[in-house]
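Subject: Handing over the structure

Hi,

Here is the structure I promised to pass on to you. Have a look at it first, and then read on for my notes.

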Amino acid sequence: MRVQRTLARAALIAFAACIVAAPAALTGVARAGAATTTTTTTTPTTTTSTTSPTTTTPSSVPAYWLATATGGVYSFGGAPFFGSAGALPLVRPVVGMASTPDRQGYWLVASDGGIFSFGDATFYGSTGGIHLNQPIVGMASTLDGKGYWLVAADGGIFTFGDANFYGSTGAIHLNKPIVGMASTPDGKGYWLVASDGGIFTFGDSNFYGSTGALTLNKPIIAMMAGPGGTGYVLVASDGGTFTFGTAPFYGSLGAIPIKEPIGAAAVTPGDTGYWFSDTTGEVSAFGQASYYGSAPPGLGAPVVGMAEATGTGTFVGAAYPSGSYGYDVSRFNMNSPACTTGLPTGVHDISIVEVDGESSGDANPCLAVEGTWAGAGLNLYTFLTNTGLCTSTSTCFTVGYDAGIQAFEDAGAAGVNTSVDWWLDVEGAGQYWTTSTAENAQTVLGAIDALHNTEGVADVGIYASPGTWNGIVGNYQPSVPYWMADWISPPSGPATCAAVSGWQTKEQLPTGPVEFVQYSDNTNGADGDYAC
């Protein structure tokens, strides 16, 4: 009964754009070798923070970092934390970040061109002490990490270390400001992108197309180079995604309302997927990019940069500490509609409460009472169904989307906390679902998008039995947290957690972390749950 987080979207949505226009400084695709403006020999004025880096040795798992305008850095997926500028008095806000080629460090860049280096990132210079015609909006590392480019909103390029100057738009009139850049794989060229999607090529970069002549719903805020440098991806502030050349399209948010604008994006090291982060740090994953969590609430400053990292695959933001016990409850646990008796008694850390009993169906009449019983351990789930409610993948997506929106509204109307983790209960193949696994998968995706991207729920996961999941949704594997239902004899939370890996080798399950398991259907009169 629990589901969701950010999700690798099906190609249901191609090109679109929607939501608050981001300022030119709100960019931050972190990619080795991408950036901007005319060369300078200015003496550096901004130095590395004294924060001590960790000595964690990362694995080969693609992970990510986020950076805020105040210089805060957040690590996900077990990526090492090398330090931040969050405690420093900044002259100007941070506008982007870039990782070193070996991903053992990163740079932050401020709008005045001040550079902050961490880990094995070396300081090669900055524009922090000179007057700029326009603010810096991004940066990129060279191929060997021994230099970097900075780019300004007028397309001026500033080179440091072994970064070569291949040209700029600093001396020409632009229709719209530059918002980002990306370098070619060999570091001998770069692209600049304007907020209207106009593309400018320099060095050995080639032109593969642009959105400069299109009317966009929302401005472009970032770009990412495609595999081999034979294409690129543009990202708009509404999550609309535009691919050119051989760059693969892994998904988009452009066709659905999102709560906050996208502020940064990054591509996986192997170009097998990409991540978006909105300005609050809520992350969405596409393709084979894995979701490892979002920033904590109340950052106090927008997320403006994102960079690819390598880590251990550790999920950030699990609802309950490992070893916690508790229950999930619904209207059937109580004497509905009176809702006066029937809830489990005693200590319980895990407390997961039903919201709706079917897609866009009636709300749990005991929701408010059960929410109070749950206390600080509250999580919410909604029972997702699709029994002939649609006839195509697009209309089935809408069924799921509408179900997610209604569940969120029903929870709010009951007065329970809607900002907790949510789960989608997906079960009952042949009983609660159509025979089309493709249509069912789109229903699940629609609900995830509704809760995560439109309503702003940080973590949305899936509750499902590993033996029936693929019978409902086929080979669909969303990168969201997983709540596995597997009753073994005798019932045991730890033993059920130990069985997870066996199921993962046999079935195509959600690829996010297994946060907890439902190990019994009768523990103190309710379903028993255990955090792995």
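**Disulfides**

C390 is buried, its relative accessible area being 9%. Please keep in mind throughout that this is a predicted model.

In total the structure holds 3 disulfides. Another one joins C339 to C366, at an S to S distance of 2.0 Å. Because C339 sits in the loop between β20 (325-329) and β21 (350-354) and C366 in the loop between β21 and α1, this pair ties together parts that are 27 residues apart in sequence. The link of C339 and C366 is left-handed, with -75° about the S-S bond, and both cysteines are buried.

There is also a disulfide between C497 and C532, again given with its S to S distance, 2.0 Å. This pair links distant parts of the chain: C497 belongs to helix α5 (residues 493-498), C532 to the segment after β27 (526-531), and they are 35 residues apart. The link of C497 and C532 is left-handed, with -90° about the S-S bond. C497 counts as buried at 16% relative accessibility, whereas C532, at 32%, counts as partly exposed. If you number the bonded cysteines of the protein chain in sequence order, the pairing reads 1-2, 3-4, 5-6.

**Helix α2**

C396 brings us to helix α2, as it is listed among the buried residues there. Others on that list include F397, V399, Y401, I405 and F408. What do the buried residues of α2 pack against? Their partners are α1 (367-374), β22 (378-383), β23 (422-425) and α3 (437-454).

After α2 comes G415, which has a positive phi, near 85°.

**Salt bridges**

A search of the whole structure turned up 2 salt bridges. In one of them E308 pairs with R103, and the closest N and O atoms are 3.8 Å apart. E308 lies in strand β19 (residues 303-311) and R103 in the loop between β4 (94-99) and β5 (105-110), so the pair ties together parts that are 205 residues apart in sequence. Are E308 and R103 buried or exposed? Both are buried.

The side chains of E354 and R331 form a salt bridge as well, at 3.2 Å from N to O. Here E354 is in strand β21 and R331 in the loop between β20 and β21, 23 residues apart. E354 counts as buried at 4% relative accessibility, and R331 is buried with a relative accessible area of 17%.

**Nonpolar cores**

The largest nonpolar core has 68 residues, and the members that touch the most others are F276, L380, W422, L424, V444, I462 and W469. Setting aside neighbours within four places in sequence, W469 is in contact with a list of residues that includes V426, V444, I462, Y476 and L509. A second, separate core has 19 residues, among them A69, V94, F118 and V304.

**Aromatic pairs**

How many aromatic pairs does the structure hold? The count is 34. One of them is formed by Y106 and F118, a tilted pair with 5.6 Å from centre to centre and 40° between the planes. Y106 is in strand β5 and F118 in strand β6 (residues 115-119), 12 residues apart, and both are buried.

For Y463 and W483, the ring centres are 4.6 Å apart and the planes stand at 65°, so this pair is edge-to-face. Y463 lies in strand β24 (residues 460-464) and W483 in strand β25 (residues 482-485), so the pair ties together parts that are 20 residues apart in sequence. Y463 is buried, with a relative accessible area of 5%, and W483 counts as buried at 0% relative accessibility. Ring pairs also link Y463 and W483 with Y320, Y381, W423 and F516 into a cluster.

Best wishes

Note on methods. Residues numbered from 1 in each chain as written. Predicted model: local features only at pLDDT ≥ 70, side-chain atom pairs only at ≥ 80, totals over all residues. Heavy atoms only, no water. Buried < 20%, exposed > 50% of the residue type's maximum accessible area, 1.4 Å probe, protein only. Helix = DSSP H or I, 4+ residues; strand = E, 2+ residues; numbered from the N terminus. Contact = heavy atoms within 4.5 Å. Disulfide = S-S within 2.5 Å. Salt bridge = Lys/Arg side-chain N within 4 Å of Asp/Glu carboxyl O. Core = buried A, V, L, I, M, F, W, Y, C linked by side-chain atoms within 4.5 Å. Phe/Tyr/Trp six-rings, centres within 6.5 Å; stacked < 30°, edge-to-face > 60°.
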